[in-house]
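User: I'm new to this one and would like to see how the labels get decided. Can you take me through a few?

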Amino acid sequence: MQVIEQSIDEILKSLSPLDVDWMDDMATATIAKLSDIEKKEKYDRSDLEDLFSGSFDVGLLCARLFLIMSKDKMDEELRRTLGPGGAGSKRMKSSPDQFFGSLEKLGLLEAMATAINHRPVWSDILVERLRAGRGSAISGQKRGRGLEDVVESLVSEVFGENGYEVRCTFTGAGGRTAKCDIAIPNRDRPRIILEVKGYGATGSKMSDIIGDLDAIIEAKRHDTTLLFFTDGTTWAARVADLRKIIDRQNDGKIARIYTTNMREQLIDDLKTLKSETGL
């Protein structure tokens, strides 16, 4: 497989959290803001401006509640629709038409009308508790496992169903071991190792992957190829961590980094590695 050095821009461009009292000053201000919204059938730009009057953070939290978006997801969607230049209070003040237009594109006006005119029943409360608790955890699990399934299907396409092992502890140089997502052809003496991580929210787990990769790098044989597959535009908020991974690729410790938009390149590289290793 051809040796190349990847860049932070290349990867970023390819990218397609103990119980405590939850009421704080922000929650109180948000409830007050929501309580002040006039009930009517349709909402317009002036209602969005009223929502953000006083406190930008309160307005943004209200918008997130209407759109059922996490903080990271809201930031991601605003940056996507607004383009370069930020998505905070300064952007709203400097380009109000563009900022509020982006919220309209995200469907905030319709979401406000739907939520405010909805007639709730008792089960709605329990459904929201389920979504906010178990639902949030399941979404994170599905996101990561979904990406693993994508990569596994690509590996299976090249090496066949019995040509690899998934989510295993492999044996490397000097009997050292480490966990990995995919070992080809098996865990006993892998010639190719793939680590797969997908993220839809920022957090410590995005730093933890560096330790996981270093454990693999330390344990594997020098002639074993390590490939890393990741995705999630939240990497844009953790550029320092991503840069550390890029540095390992540039140093030859990781052969290549891929994203979902680079699936065809992964297939081509797997075919090349299959031929080079005689698998």
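User: Why is Ile184 called buried?

Analyst: This is a predicted model, and here Ile184 comes out at 0% relative accessibility. Buried means under 20%, so Ile184 counts as buried.

User: Where does Ile184 sit, and which residues does Ile184 touch?

Analyst: Ile184 belongs to strand 2, residues 177-184. Leaving out residues up to four places away in sequence, Ile184 touches Val155, Phe159, Gly163, Tyr164, Pro190, Arg191, Ile192, Leu194 and Leu279. Take Leu279: Ile184 and Leu279 are 95 residues apart along the chain, yet 8.8 Å separates their C-alpha atoms.

User: What makes helix 4 and helix 5 roughly perpendicular?

Analyst: The axes of helix 4 (residues 56-67) and helix 5 (residues 71-82) cross at roughly 95° and come within 10 Å. Angles of 65 to 115 degrees count as roughly perpendicular, so that's the label for this pair.

User: Which residues meet there?

Analyst: From helix 4, Leu60, Ala63, Arg64 and Leu67 meet Lys71, Met74 and Leu78 of helix 5. Sorted by type, the residues of this contact are five nonpolar, two charged and no polar.

User: How do you know that the buried residues of helix 11 are on the same side?

Analyst: The buried ones in helix 11 are Asp241, Leu242, Ile245, Ile246, Arg248 and Gln249. They span an arc of only 155° around the axis, so they end up on the same side of helix 11.

User: And what comes just after helix 11?

Analyst: That's Gly252, with a positive phi of about 85°.

How values were computed. Residues are numbered from 1 along each chain as its sequence is written. This is a predicted model: local features need pLDDT of at least 70, side-chain atom pairs count only at pLDDT 80 or more; totals for chains, interfaces and linings use all residues. Side-chain values use heavy atoms; hydrogens and water are left out. Axes are lines fitted to C-alpha atoms, for helices over the stretch in contact, and angles run from 0 to 180 degrees between N-to-C directions. Helices (H or I, at least four residues) and strands (E, at least two) are DSSP runs, numbered from the N terminus. Angles under 35 degrees count as roughly parallel, over 145 as roughly antiparallel, 65 to 115 as roughly perpendicular and the rest as oblique. Contact means heavy atoms within 4.5 Å. Ala, Val, Leu, Ile, Met, Phe, Trp, Tyr, Cys and Pro count as nonpolar, Asp, Glu, Lys and Arg as charged, and the others, Gly among them, as polar. Buried means under 20% relative accessible area, exposed over 50%, partly exposed in between (1.4 Å probe, protein chains only). The arc is that of the directions from the helix axis to the C-beta atoms.
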